[in-house]
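Colleague: I'd like to go through this model with you, a few questions at a time. Could you put it up first?

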Amino acid sequence: MPSARPPAVVSTPAPPPTAAAGAPGPVRWVLLPKSSHWAPAFQRTTDAGTLYAGPGNERWLLGEGEAARGAGPDAVPLAGALPNAAGHSFITPGGDVYEASSALGDLSLAVTASKPFVDTSAGRDHFLAIDESGKLHRSRDRGRTWQASALSSDVGRFTDVFMLESGIGLALADHAGKSELFATRDDGASWHEVDSQGYTFTGLTSYRERLQAILGVNRQHDFYHVVSFDSALTRVMQEGRLYRSFTPFPQPAALPPDLATFVNSPPAPPVRWVALRETSWEPSVWQLSVAPFGEPPSYRTVQALAGCALSVAATTSAIALACRRSSPPNNVLYLSQDHGRSFRQLPLPANPVALYALGDAFVVQTPCDGPAETRGPYLLLPPSWQARRVSDTTCRTHLAFTDAESGGFLSVAWADSALTLQHWAAGNPKPALVSIVGRAPRLPVEQVALSRDASTVAVAVPTAHPWPPVTEATETAAVPVPVLFRSLDSGRHFGEVALPVAFRALALTGRRGLGIDHEDGAWATHDLGTTWARVAAPIGAGSRPIECSESGCITVRGLRVGWER
């Protein structure tokens, strides 16, 4: 059994080092569009397209007929943007101003707010801001100086301001519990009161360049309850709903990859990554991309994959797609040895549920509850790629494999309520049991992480959400403790190492690893789980499994290129 677990160690993130030849460089994200559930904090028309501020401090640029391009996650939230002679000026909700040479360029602090602000926005040529005392201010010089608004002194305390790039905007004030609403059509130079019809508002927003005031938020069905106004912004016209699932990305640009992995390229660059997404379900349509790692995907439709339930894996010389079709039953391996440009078909055993790379070979897993004569893993070796059943007295469900090292490969498998470590000698289709990693009452449905660095071996399984159970039947259920299993003697004995939080997604490679917790926080390790540090990641990066290599990580929200050290 695993030994007692030491406490988790959380370290302070170190600044990214300067890149060295052949070594991981400073981390950058190549973002992929978020498919749903975000309304832009602001948008701005630029010469290169429309700039949007998205969730998690992201910036997105959408040009007509071009693929969406993203930047971030930025270290600061942004509330508005104005063009300047050298590029763009961005203002934060607190009033600090950052500059960038382009819409998606790196941010540099240009102006520190002269006083604390609680809300800001950008109009046509001016920034608007509300200070802590509830006063409205306007800046004509990109936040360097501010002038108080000319609104009368008997106006209540301002709480929200929202501007469009046309110079039209709204400002919301609270006066003894009553909402007061003011509108401008000249970039905040003058304001007039809006007849709010006795409504109480909680905030301001816009949809398709139309201003709206928020009455409330329905979190169950994810919409704002809003009111709209007449064209002159003099009075409330009607109530309505603004669903927060709005996203500016056109279909299918907003569809994230369903499957992705690294192509295990030779030591010479470029390292490639392969992504697949299902763009239609009735009928089923799959699209494939193979691109250098660090570049966004460029998809093309592969008609032969229609109707498939897919698994993907890649070696140094081949990309394999295991296709499972139920009606009519048909199982095919699509194999490409030209980086996905063409595929040939090979027969597969019944019901392939997973596919893994094992050096230059592939392992296909079939369910262990199938017929005794066909169940379990199969090995596909070049050049024939014919499936050979792995001989083992106990059918084991293999869940993860290490990369090749001298002496063969390691895998983690599940059988008889335990996670076991298996050793695969080169060319031998029968793995040998090394040890029991830990108890597992059920087959893990989460992606299991396995890594080896010299004699150190680590195994980890993402942890269930740490929220307390909410049903009466499970209110006394124990919340799983997040741990990582680690061996210092090549896998013969394992101990438990405490993790800093429960990870919903976790990947390991060599001594490095990336975990995303249930609150979208990201954590990195560079010593196989001994210490962890908080790092930046886009919202939703852990909503699907992560793949990592020495080059970085693939997530559903983007590519994390490089490592801190």
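Modeller: Let's start with R124, which is partly exposed at a relative accessible area of 35%; buried means under 20% relative accessible area, exposed over 50% and partly exposed in between, with a 1.4 Å probe and protein chains only. Keep in mind that this is a predicted model, where local features need pLDDT of at least 70 and side-chain atom pairs count only at pLDDT 80 or more, while totals for chains, interfaces and linings use all residues. Residues are numbered from 1 along each chain as its sequence is written, and side-chain values use heavy atoms, with hydrogens and water left out.

Colleague: Which side chain does R124 meet in a salt bridge?

Modeller: A salt bridge here is a side-chain nitrogen of Lys or Arg within 4 Å of a carboxyl oxygen of Asp or Glu. The partner of R124 sits at 3.3 Å, N to O, and counts as partly exposed at 39% relative accessibility. That's D125.

Colleague: How many residues apart in sequence are the parts that D520 and R504 tie together?

Modeller: These two also form a salt bridge, with the closest N and O atoms 3.8 Å apart. D520 is partly exposed at 24%, and R504 is partly exposed at 32%. D520 lies in the loop between β44 (512-517) and β45 (522-525) and R504 in strand β43 (residues 503-509), so the parts they tie together are 16 residues apart. Strands, by the way, are DSSP runs of E with at least two residues, numbered from the N terminus, and helices are runs of H or I with at least four.

Colleague: What about D230: which side chain of opposite charge is nearest to it?

Modeller: D230 sits in the loop between β21 (223-229) and β22 (236-243). D230 is buried yet has no salt bridge, and the nearest opposite charge is 4.7 Å away; Lys and Arg count as positive and Asp and Glu as negative, with His and the chain ends not counted. The D230 side chain does reach a backbone nitrogen at 3.1 Å, and that nitrogen belongs to the residue you're asking about, R235.

Colleague: How many residues of β35 are buried?

Modeller: β35 pairs with β36 (residues 409-415) in the antiparallel sense over 4 bridges, with W414 as the bridge partner of T397. Strand β35 (residues 397-401) is largely enclosed by the rest of the structure, because its buried count is 5 of the 5.

Definitions and conventions: A polar contact is a pair of N or O atoms within 3.5 Å; within protein, one must be able to donate a hydrogen and the other to accept it, and residues adjacent in sequence count only if both atoms are side-chain atoms. Two strands pair if DSSP finds at least two bridges between them.
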